[in-house]
Amino acid sequence: MAKYVGYKRPKNTKKAMKNLLRYLGYHKWLLLLVAVLVAISSGVSIAGTYLIRPVINDYAIPGDIPGLIRMMLAMGILYLCGVCATFAYNRLMVHTSQQVVTEIRRDLFAHIQKLPLSYFDAHTHGELMSRFTNDVDTVQEALNGTFSMLIQSFLILTGTLSMLFVLSARLTLIVLLFLAASGFFIWYNGKRSKKYFNAQQEALAAVNGFVEEMTAGQKVEKVFNHEKQDLEEFLVRNEKLRKASTNALTWSGMLVPVNVSMSYFNYGVSAAAGGIFALTGHMDLGTLASYLVYVRQSAMPLNQFTNQFNFLMAALSGAERIFDLMEQEPEIDEGTVTLCPVEVRMDGSLKEAEGYTGSFAWKDADSLTLLQGDVRFHQVVFGYTEEHKILDGISLFAKPGQKIAFVGSTGAGKTTIINLINRFYEIQSGTITYDGIDIRRIKKDDLRKSLSMVIQDTHLFTGTIAENIRYGRLNATEDEVRAAAKIANADSFIRRLPKGYDTILHSDGSNLSQGQRQLLAIARAAISRPPVLILDEATSSLDNETEQNIQESLRSLSAHRTTLIIAHRLATIRHADRILVLTKEGVAESGTHDELMSRHGWYYQLYEAQFDEET
């Protein structure tokens, strides 16, 4: 029976249908075969019911037993064909729908990989995940049965009404009256159910959100003794959900019994009227029997059609959200300059090489420029919004092999500078050059291959420790994995684990300490053999002893590489070649640690304040 499906209707049904049909169109011949098989199945159902008439009138009443047996065998073969057609179209529809959903997931994931970082900043992970789970599952459920059921319901309803008129036009007026009443009740019930189901969804979201917040904030809740107030708030939200759910389920639960009762009443009235027609000679017994079976099946396709239509609208709503995401503008990459390994000859000339040589060059058409790691900002203006500028005409440089550190207050643009070098965001004006080449001319993939980052928020993937380290360079050997771990001072703790490098990590490495996760991130950067290294609060999660042990490893890792460092602990950047002190107005100071300390300016105040805190 029909019921309301708790989803909002699509904003643009025509567009959503067009996009979904594009994927279905890839399998049009299979879908055409499904439609033919559905038509056969529906035709068998309608024809089988009509055959009741000659069976009774021509064989049962005259007592023609041999003829009756032959007729029954013919009907058996007919219904067997219908069963085979039903089995075939169900299997084909499942196969086709799964293929369509697989293609949608593939294209959706491929498109997400191309979106700019700004898109992920503006949308939550849960919102994006719901496209792959809730929305794709809704499309899948609808495709599994809706396509074939809509065709079947339409054919059976049309065929049944046609046969009712053929058998008795006068009696069919009674059936039409009941079908109209049933259709009106389905429409009215759906309208009321939609209102209450939407209220239920809102109330459920409020309860789930509150429970999630309270579960995540248990420490805060207990510290401030807020259990009683939170329980009262939960009871209010839970009661609102109870009322909305009661109304929604009351109306949706009313649909089946009311329609069944109307169907039985329709059958009873039609049987009584048909009996009178038979007794008065206006209808023979075989026609009456066939007619009453049609009456019993007339309500079913109407309810199925309405139900499947709701599922179709839900699927189109999910499809609309999926295709809206697919239509988001991908990350623009107009670069033509690529990165390639090279051999540096004795005379200083460059030759492109096949494998790793330790030297890289920027390839622009036929010319090669040695990658040295010279990074420069020239009057760069950038803001995440047009109204709020983070960097306003900033200029700075990092010469090849230098270690440049950025310090300053929160919001001064330290991490923004790193993001701009990677081209995670596009600057409003000015230029950023890399070995004298505007980074907008460099292909983004090649630009990022020349950089390796260790950031504060370490992210580890589900898999072994070795696989997580090898993420920095997928073709790295086992020995290279262990060597990278030793550089990061991670080898000792890894070997103490029960399965060593084969230890499986789950939930972002939750079975490791924060410091151990950071060490793996450093090992991952080490194995990528980057010409330019970026350390964004790389040791912020480590205790003082571990941090001191790893500083030597980081110095070894950054040797002969341009290294850009963002550090909160100023003691870790004392040996930087140059320290830039950033404020919201730009670069306030620049120099070595000793030079900046002697000036008694911004850096001196920051250093002294931090020293006082630690002592």
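Which helix holds both Glu239 and Arg242? Select helix H9 (residues 227–279): both residues lie there, 3 residues apart, about one turn of the helix. Helices here are DSSP runs of H or I with at least four residues, strands are runs of E with at least two, and both are numbered from the N terminus.

The model is predicted, so local features need pLDDT of at least 70 and side-chain atom pairs count only at pLDDT 80 or more, while totals for chains, interfaces and linings use all residues. Residues are numbered from 1 along each chain as its sequence is written, and side-chain values use heavy atoms, with hydrogens and water left out.

Stay on Glu239 and show its side chain. Glu239 forms a salt bridge with Arg242, with the closest N and O atoms 2.6 Å apart; the term means a side-chain nitrogen of Lys or Arg within 4 Å of a carboxyl oxygen of Asp or Glu. Glu239 is partly exposed at 33% relative accessibility, and Arg242 is partly exposed at 45%. Buried is under 20% relative accessible area, exposed is over 50%, and partly exposed is in between (1.4 Å probe, protein chains only).

Next, select Lys444 and Glu331. Their salt bridge has its closest N and O atoms 3.3 Å apart. Lys444 is in helix H12 (residues 444–449) and Glu331 in the loop between helix H10 (285–326) and strand E1 (338–344), so the pair ties together parts 113 residues apart in sequence. Lys444 is buried at 4%, whereas Glu331 is partly exposed at 21%.

Last, select Arg106 and Asp107, whose side chains meet in a salt bridge (3.0 Å, N to O). The whole structure has 19 salt bridges.
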